[in-house]
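Visitor: I'm new to this one. Could you show it to me and let me ask how you know what you say?

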Amino acid sequence: MTIEFVVATPHDAVEFNDVYRNTTGSAGYLACNNIYNRVVLNEWYDINPHADLATHWECLDGARRWRFHLNHAARWQDGTPLTAHDVAYTHSHAKKMGYTGGMFLGDVEQIVEVDKHTVDYHLSAPNSGFLLMLGNFIFAHILPAHLYEGTDWATNPHNFKPVGSGPFRLVDWIPGDKVVMEAVKDHWGPKPEIDRLILKIVPDRDECVRMVARGEAHIVTQDTLTRDRMSLMDDAVDAEVLKRPGPGMALLDFNHSHESWRDERVRRAVAHAVDRSAIEKLGDPGVSQAWNHYLLGSTEWAFNPDAKAPAHDVDKAEELLNEAGRTRDANGTRGPLRLFYMDTFHGHRPLAQIVSDSLGRLGFEVTFEGLSSVDWARRIRTDGDFDLIVVGGAMAPDPEITRTKYSTGGKNNMAGHHNPDVDAAYTAARSATTLAERGKHYKQLQEIWARDTEWVPLFWYGTYYPRSTRFFGWADQLGYSIPWWHWGRIRPVTTDAGLSQ
């Protein structure tokens, strides 16, 4: 009997190489989590790394050098051995070319192949949080050098016919319909216990959820089920909804590259304008809540409870804007603002509406729009064509993740942040060797963010995963030793009568 595992997702694939360019939440992104491997693995809810391509590793030279010992059994799906050269080539080239895979490798000076199965990452300065940078995101996966080296990644045919080292291989992609993968039966690592992994493309988010409720799919992707649509699971058969606080927050960021947002008074005025009572209505006790802190409370070792965003105060906002010269015109308006969010994260839409309404009361003429991940990459990351963005902030399990967004020159610094005090706090935290020392510097970082209103925290989001009870092996059931979107350990639940049907 062929065992199929079906994932319902509203977003089709673009390609299958997220180390080249990231298409967050797309079917290609999901597929990459199962086709490729990373050097190490980190999950959102666990700061400790787990083995993937590397069986073990060493922190050397005061966290200036990290050595990884690769699994000798690792193979590409075409049978070619996976070696240190694949690792060194992938990350060196991604960094050199400015591809997404180099996003968290800014302090990597050199990657050295010590021998066939050992690789050293030499850093420009100590970074005690480096493991998380290699393990937390799919765009850190490793590509086969024998198929990519000497080619233009932009046109390499293996972006559409990937050869990975993971437990599943791509066998079919019908755009607008489905992505089909099959288990690699002779996989060098843990053997998959499902035969076919199918990503079913269903643009209607409600229908994605209903498919799980009817037993036609076994899970949906992040942000597909939201609190207001929980009733779709009321009559679910052999399915459950896992609810829990999420690993990040939604926040409002400014385009610091524009002169108009470099005045802290203007940024603080916007923060004062945000109506948090409206945001509170979006919350779900025990799962999600309006949030005015600059780090999640779940990261207890680094959390600063005293660093908060400005409280809602429209009069103060008016005063600050007038003081900064952003006065109303004869019609009572302060001009247009363009606000964007990534449509993949559907829960950001109501937050964009609340921010728009709040700023409208100050006389701004706000337009807001959801962008696809491809359009987001072009318009926000590349062109910087925006005033404000509602964006997710992955703040767990280690604030080091945020450095690429908020430090000067960070590869993911789409908002153009440039604050020397922020840079200094990150540097101090990376150089510290104990969690307590690192936490002290991150608490100071939060004070700086709040002092300068670098950005505005809005909402600690929750996660809602409708999933089949016919399968076992989800990330939470395996101690978060695998990413949420990796299904290589999924197996059907057995009953006295055999496999569940």
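Visitor: Which residue stands opposite F459 in β17?

Guide: That's A290. This is a predicted model, where local features need pLDDT of at least 70, side-chain atom pairs count only at pLDDT 80 or more, and totals for chains, interfaces and linings use all residues. Residues are numbered from 1 along each chain as its sequence is written, and side-chain values use heavy atoms, with hydrogens and water left out.

Visitor: What makes β13 and β17 a pair?

Guide: Strands (DSSP runs of E, at least two residues, numbered from the N terminus) pair if DSSP finds at least two bridges between them. Strand β13 (residues 289–290) has 2 bridges to β17, so the pair qualifies, running antiparallel.

Visitor: How many bridges link β12 and β17?

Guide: β12 (residues 239–254) and β17 pair in the antiparallel sense over 12 bridges.

Visitor: Why is β17 called largely enclosed?

Guide: Buried means under 20% relative accessible area (1.4 Å probe, protein chains only). In β17 (residues 455–468), 14 of the 14 residues are buried, so the rest of the structure largely encloses this strand.

Visitor: What lines the largest cavity?

Guide: A cavity is a set of points on a 1 Å grid over the protein atoms alone where a 1.4 Å probe fits but cannot get out, and lining residues have an atom within 4 Å of a point. D253 is in the lining, along with I389, V391, K405, Y406, N412, N413, M414 and A415. β16 (388–394) and α11 (403–406) each give two or more residues to that lining.

How values were computed: Buried < 20%, exposed > 50% of the residue type's maximum accessible area, 1.4 Å probe, protein only. Helix = DSSP H or I, 4+ residues; strand = E, 2+ residues; numbered from the N terminus. 1 Å grid on protein atoms, 1.4 Å probe; cavity = no way out; pocket = protein on both sides within 12 Å on 5 of 7 lines; lining within 4 Å.
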